[in-house]
Amino acid sequence: GVHPFEDEHASFHEHGTFFAIWLLVLFSSISILGQVRSILEPVLWAFFLVMILVPLTDIIEKYLRIAFCHCCTRGPGARKRRRRSSEASREDPVAFAGDAA
C-alpha cells in the first residue's frame, strides 16, 4: 500500500524542485538583464515617455474638439445653418429626423 511517508517525501521533492528552478531563473535573469542593459534602457525610457504623453494628447484632443465645436456653432454662416435646419424641422419633422440619424 501507499505509506503517508511516501506522499510527504514526494511532496518535499516537488517543492524543492520548484524552488530550485525558480532560483535558477532568478540568477540567470539577473545575468541576462545585466548584459542587455544598453538595449533595455532606451526601450524603457520610450515606454515611460509614451505613458506620459498619452494623457497629454487626450487633453489636447479634448480642447481641440471643444474649440472646433465652438467655431462651428459661432463661426461665419452658423446662423444660416441653424435657420435652415430649424426651417426644415418645422416643414417636415420626420424627414429632418431621418437626416439627423
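Student: Let's start with Cys72: is Cys72 buried, partly exposed or exposed?

Tutor: Happy to! Keep in mind that this is a predicted model. Cys72 counts as partly exposed, because its relative accessibility is 34%, and that class lies between under 20% for buried and over 50% for exposed. Cys72 is in no disulfide, and the nearest cysteine sulfur belongs to Cys69, 6.6 Å away; a disulfide would need the sulfur atoms within 2.5 Å. Cys71 is in no disulfide either, with the sulfur of Cys72 as its nearest, at 6.9 Å.

Now for the rings. The structure holds two aromatic pairs. In one of them, the ring centres of Phe18 and Trp22 are 6.3 Å apart and the planes meet at 70 degrees, so this pair is edge-to-face. Both residues belong to helix α1 (residues 4-35), where they sit four residues apart, about one turn of the helix. Phe18 and Trp22 are both exposed. The rings of Phe47 and Phe48 have centres 5.4 Å apart and planes at 65 degrees, so this pair is edge-to-face too. Phe47 is partly exposed, with a relative accessible area of 45%, and Phe48 is partly exposed at 48%.

One more ring is worth a look: Lys62 lies over the face of Tyr63, 5.7 Å from the ring centre.

Key: Residues are numbered from 1 along each chain as its sequence is written. This is a predicted model: local features need pLDDT of at least 70, side-chain atom pairs count only at pLDDT 80 or more; totals for chains, interfaces and linings use all residues. Side-chain values use heavy atoms; hydrogens and water are left out. Rings of Phe, Tyr and Trp (its six-membered ring) pair if their centres lie within 6.5 Å; planes under 30 degrees apart count as stacked, over 60 as edge-to-face and the rest as tilted. Helices (H or I, at least four residues) and strands (E, at least two) are DSSP runs, numbered from the N terminus. Buried means under 20% relative accessible area, exposed over 50%, partly exposed in between (1.4 Å probe, protein chains only). A charge sits over a ring if NZ of Lys or CZ of Arg is within 6 Å of the ring centre and within 35 degrees of the ring normal.
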